[in-house]
Amino acid sequence: MTYSFFDFLQLIGALGIFIFGMKIFSEGLQKIAGNRLKGILSGMTRNRLTGVLTGLGTTAITQSSTTTTVMAVSFVNAGLLSFVQSTGVIMGANIGTTITAWIVALFGFKMQITPIAMALIGIFFAFLFSKNQRWRNIAETMVGFGILFIGLEFIKNGVPDIRSNPELLSFLNTFSEYGYLSLILFVAIGTILTLVMQSSSAASAITLVMLFEGWISFPIAAAMVLGENIGTTVTANIAAMVGNVHAKRAARFHLMFNVIGVLWMMAVIYPVLNSIDLVVQTFSHNPVSIMGNDPAARPNATLGLSLFHTSFNVLNVVILFAFVPYIVRLIERLLPDNGPQDDQYQLKYISLGVMTSPGLSVEQAQKEIQNFAEIIEKMHGLVDELLFDPQAPREKLLERIHAYEETTDQLEMEISDYLVSITENTNLEHELSERMRFMQTMINDMERIADIYFQVSKLSDRMLEAKTNWPEEANSEMQQMMTALRAAIHNMRLNVARDAEDVDLRHAIKLEDQVDDLRDEFRDNHYARLENGAYSPRAGVTFIDILNRLERIGDHVLNVNESSACTRLKAKRIPGKK
């Protein structure tokens, strides 16, 4: 019997089913975790040991070390985590990723899981159409779990039989007969396999199947696992390419940490493998050496490989934990901070792509909107300085205001695109969908505020070019207007960072009413000054134009506050106020 091209396509299809099942299983777990995942991530900011436990727990929930490490790199890029704090999370993720291998080894090779997997799909499939979101998430998780093991069974059945295809074994033997050099070669093969599949869990499953079917020996499989630990670091390094220097450092740490681990393990690999063999024989009902080629040892060999995978990552953390500060210093020398350009305004939180968890994706967008609000508050300060400080460097202020206006245009577009991409890539709960709609209106209003501030700066510049100015009374009134608006802007920035239920809309309305009342009062004063010839018509037109524009900013500010509270007010005024 020969292995045909059609058989190979079936194997690729089986692999696709396995990866698809893993994706559904992972996403379902994350949806079940919901806000609890956000709570786990808050543990990152304590110390390195807590970070290790955080990385382990997050990877156990997401079933993906790549998700955890990319998440850590994202938070470092955002400034939410320091580079040093991220190191613990990355080390914990390395341990957490071994859980998948244990699940596959225990259920996929030690027992007939396929009938159970089919039964799980049969039981939970109907709940995919439930109106209860929690039951839908549980059903998605269990269906993904079932598909994962059906895919694994297809892979096992799809690989060519060594006994029927002796030429395949002969081909593999040509690469495995060079002793220690063969181990180095298969470390490289494991790295490449993970790069191609973009999933260390899928690569580990393939390695387990190859070992179980007798394609490769236990030492060769262990070498491939070491290579997969290097390959899994590539995704985070690719993600960090668009990040700042701190994100790049976190990604490089992951790569360097795993490479150092592989180097010391390769130096002692044979004693370690013999120890793993001894442990498996001691606790096995079938005490056959997994280091040989006896078919009876194959089920034990898969457990031995999972034990090796976990032992390596745990030992690597234990051994290198004390050396992390030195590794950090080395990376900081290799990737020096180039100064302010590394902290330029850009997408800080969502520049590294959509998270696999919709809740975390929305949280990233929310953090970016907080950054947007901070820029608005800074624009207010610059415009205030431009209007009332005669010693201020006007050209520099105008340039900075213009730069901020262009930044807000870019932020609005990119945040909006990101929010759209979340809806395209995930199935959102109603609450998240509604929150995202309010986030869209929020960024629209804030971009409009930035536009108005830019227009005010140009009006101020034109008035200077015309060599006109306002009388002291008008100047004082405009300062009062800007002060009232500053309070409203500051309150808006605080509300954007709050949960919807914590937003005090009554206070926001009160601040907006103050802006409206000042505009009404100062407009009447303005017309009285015009009648009395207190200032030139050009200066008067500029005054009322700026006054009206500032009042419109107050309206947009209130709209942002409403969106922060995830509501739309039927009346803008406090009940009882005339």
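This is a predicted model: local features need pLDDT of at least 70, side-chain atom pairs count only at pLDDT 80 or more; totals for chains, interfaces and linings use all residues.
1. Overall make-up. The secondary structure of this protein comes to 23 helices and 0 strands. Of its 578 residues, 54% count as buried. When contacts with a separation of 6 or more are considered, residues 24 or more positions apart account for 80% of them.

2. The pair H10 and H11. Two packed helices are described by the angle between their axes and the distance between the axes. For helix H10, which covers residues 180-197, and helix H11, which covers residues 200-212, the angle is about 130° and the axes are 8 Å apart. That angle makes H10 oblique to H11, because oblique takes in what is neither roughly perpendicular, at 65 to 115 degrees, nor roughly antiparallel, at over 145. The crossing in which H10 passes H11 is right-handed.

3. What the two helices bring to their contact. On the side of H10, the residues are Leu193, Thr194 and Met197, and they meet Ser200, Ala202, Ala203, Ile206 and Thr207 of H11. Sorted by class, this contact of H10 with H11 holds 5 nonpolar and 3 polar residues, and no charged ones.

4. Asn237 in H13. Is Asn237 buried or exposed? The residue is found in helix H13, which runs over residues 234-240, and with a relative accessibility of 13% it counts as buried, since the cut-off for buried is under 20%. Leaving aside residues up to four places away in sequence, Asn237 touches Ala251, Arg252 and Leu255. As for His254, it is 17 residues from Asn237 in sequence, while the two C-alpha atoms are 8.5 Å apart in space.

5. The length and cover of H23. Helix H23 has 28 residues, which at 1.5 Å a residue should span 40 Å, and its end C-alpha atoms lie 41 Å apart, so the two values agree. The helix is mostly covered, with 21 of its 28 residues buried.

Definitions and conventions. Residues are numbered from 1 along each chain as its sequence is written. Side-chain values use heavy atoms; hydrogens and water are left out. Axes are lines fitted to C-alpha atoms, for helices over the stretch in contact, and angles run from 0 to 180 degrees between N-to-C directions. Helices (H or I, at least four residues) and strands (E, at least two) are DSSP runs, numbered from the N terminus. Angles under 35 degrees count as roughly parallel, over 145 as roughly antiparallel, 65 to 115 as roughly perpendicular and the rest as oblique. A crossing is left-handed if the near helix is turned anticlockwise from the far one by less than a right angle, and right-handed if clockwise. Contact means heavy atoms within 4.5 Å. Ala, Val, Leu, Ile, Met, Phe, Trp, Tyr, Cys and Pro count as nonpolar, Asp, Glu, Lys and Arg as charged, and the others, Gly among them, as polar. The expected span of a helix is 1.5 Å times one less than its number of residues. Buried means under 20% relative accessible area, exposed over 50%, partly exposed in between (1.4 Å probe, protein chains only).
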